[in-house]
Amino acid sequence: MQVTFWGVRGSVPVPGADTLAFGGNTSCLEVRAGRALLIFDAGTGLRSLGRRLIDEGPIDAHLFFSHVHWDHIQGFPFFEPAFVPGNAITLYGGSHVSRTLEETLAGQMDHPHFPVHLKDLGATMRFVEVRGERVITLDDEAGGHVEVRATRGNHPDGVWAFRVDHRGASVMYATDTEPDASVDAELVRLARGVDLLVCDAQYTPEEYAGMVGHGGSKVGWGHSTFVAATELARAAGAKRLLLFHHDPAQSDADVREKERRARELFAATDAAYEGLTVDLAREPHPTG
């Protein structure tokens, strides 16, 4: 299994000289499990992934939405494979703010916001409702299976965290979630023993409390600190932690300092950056 980051920022894209090292695109994560293609969130990073996928067509992609706030959907109208007949895209998401995923994506592409409507895209698209108790099983095209499980995080309007298991390797994607005792217990349960935990770490403790930065306290905004992310990783027994959803006000230097402080709490920690690819070892199948 291979995990690649195409967008690691939260809230709004921030291109510029101060964000070159970690990147300025919003949330998008690619997971290759065998020949199965899974994508998590459709932030602005999805555009670059789409341009790469055009050369692979036709594609059969599985696109999972943690939720439908702008920074997690705004790349979808610019996802080139969605315009190409012969491609197939299965889109997974929950109902948010009394709208389905299909209604939400269609809404952002409706006149006058975008010149091409969702119904006019060339690819075949199928929408699947996410439910926490359900295991989604995909074929890896090599005689194996990919399992995806979901649980709820703590975020305004709701959010899903996803765990992917394939041939003994595992990754969990838990963005846009704020510490909450009951929610965190479920996140720990789902993340138990995971090889790679990708976790919201938008703020430093000082930013979260409103002691530094702009806008005052961030309590109730639905995001975590790097401290909370390390606590989740430690409680779950995760093997490696990647800090994700960096605040748009954080420069490359700020993210590096956040990474340094997090490593003092959980040594196997890195800050995610655009272009980072993580190869997860595959365990051999038992024989006999």
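In this predicted model, one aromatic cluster is formed by Phe5, Phe40, Phe64, Tyr92, Phe162, Tyr173 and Phe244. A pair of aromatic rings is described by the distance of the centres and the angle of the planes. Phenylalanine 40 and phenylalanine 64 make a stacked pair, with 5.0 Å from centre to centre and 15 degrees between the planes. Because phenylalanine 40 belongs to strand β3 (residues 36–40) and phenylalanine 64 to strand β4, this pair ties together parts that lie 24 residues apart in sequence. Phenylalanine 40 is buried, with a relative accessible area of 1%, and phenylalanine 64 is buried as well, at 0%.

The strands themselves deserve a look. Seven of them form an open sheet with mixed pairing, in the order β6-β5-β4-β3-β2-β1-β14. Strands β6 (124–129) and β14 (277–279) stand at the edges with a single partner strand each, so one side of each has no neighbour in the sheet. Within the sheet, β4 (residues 60–64) pairs with β5 (residues 88–93) in the parallel sense over five bridges, and leucine 63 has leucine 91 of β5 as its bridge partner. Helix α2 (residues 101–108) packs on the sheet, where it touches β5 and β6.

Finally, a charge meets two rings: the charged end of lysine 218 sits over the ring of tyrosine 203, 5.9 Å from its centre, and over that of tryptophan 221, 5.3 Å from its centre. Tyrosine 203 and tyrosine 208 are both buried.

Technical notes: Residues numbered from 1 in each chain as written. Predicted model: local features only at pLDDT ≥ 70, side-chain atom pairs only at ≥ 80, totals over all residues. Heavy atoms only, no water. Pairing = 2+ DSSP bridges. Helix = DSSP H or I, 4+ residues; strand = E, 2+ residues; numbered from the N terminus. Contact = heavy atoms within 4.5 Å. Axes fitted to C-alpha atoms, helices over the stretch in contact; angles between N-to-C directions. Phe/Tyr/Trp six-rings, centres within 6.5 Å; stacked < 30°, edge-to-face > 60°. Buried < 20%, exposed > 50% of the residue type's maximum accessible area, 1.4 Å probe, protein only. Lys NZ or Arg CZ within 6 Å of the ring centre and 35° of its normal.
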